[in-house]
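Here is a short walk through a protein chain, written for someone who likes to keep the structure open while reading. Take a look at the view below, and then we can go through the strands and the core together.

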Amino acid sequence: MKTMLRSTALVVLLGLTVPGAVLAQTDHDSHHPAGSAATAEAAAKYAEGTVKKVDKAAGKLTIAHGPLETLAMPAMTMVFRAADPAMLEQVKAGDKIRFTVDKIGGALTVTALEVTP
Ligand SMILES: [Cu+2]
């Protein structure tokens with residue numbers, strides 16, 4: 001008599017649960033409050049030039065200016081209005097200046113200037 005013992009292999013399925021690796025997601029806020037100095041714009045607005053003529057009576061000054069990037073204007077000599085008559089007291093013909101220009105009431109107006117060495 002032959003007894004065939006068949007051992008049933010018990011397949012134990014081990015459910016291996018990988019402990020969920022806690023992925024620490026650091027929130028990369030794109031906001032950098034105290035970051036790069038994005039205020040170089042103000043400095044870039046300055047144009048350079050040489051005062052050719054000061055007309056205090058008319059409140060104007062003639063400037064041989066370099067390229068005015070803000071106005072897309074090439075270098076030239078032209079008359080500007082002075083935003084403040086006091087500006088005309090600060091300069092004289094021949095002075096080299098740094099200045100800002102704005103179009104006020106349709107007239108190109110020097111809004112700030114300083115004499116450069
Ligand atoms: Cu011009």
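## Strands and core

Let's begin with strand β1 (residues 47-55), which runs antiparallel to strand β4 (residues 96-104) and is joined to β4 by 4 bridges. Within this pairing, T50 sits opposite K96 of β4. Please keep in mind that this is a predicted model.

β1 also pairs with strand β2 (residues 60-65), again in the antiparallel sense, over 6 bridges. Here V54 has L61 in β2 as its bridge partner. The two strands β1 and β2 make a hairpin with 4 residues between them, and in the turn G59 has a positive phi of about 70°.

| Strand pair | Sense | Bridges | A facing pair |
|---|---|---|---|
| β1 and β2 | antiparallel | 6 bridges | V54 and L61 |

Which residues touch the most other members of the largest nonpolar core? They are L61, V91 and V110, in a core of 16 residues. At least two residues of this core come from each of β1, β2, β3 (76-82), α2 (87-90), β4 and β5 (107-115). Setting aside neighbours within four places in sequence, V91 contacts V51, V54, L61, I97, L113 and V115.

Now for the chain overall. It has 2 helices and 5 strands, following the pattern α-β-β-β-α-β-β along the sequence. Of its 117 residues, 15% are buried. Among contacts between residues at least 6 apart in sequence, 42% join residues at least 24 apart.

Notes
Residues numbered from 1 in each chain as written. Predicted model: local features only at pLDDT ≥ 70, side-chain atom pairs only at ≥ 80, totals over all residues. Pairing = 2+ DSSP bridges. Core = buried A, V, L, I, M, F, W, Y, C linked by C-beta atoms within 7 Å. Buried ≥ 20, exposed ≤ 12 C-beta atoms within 10 Å, placed from the backbone. Contact = placed C-beta atoms within 7 Å.
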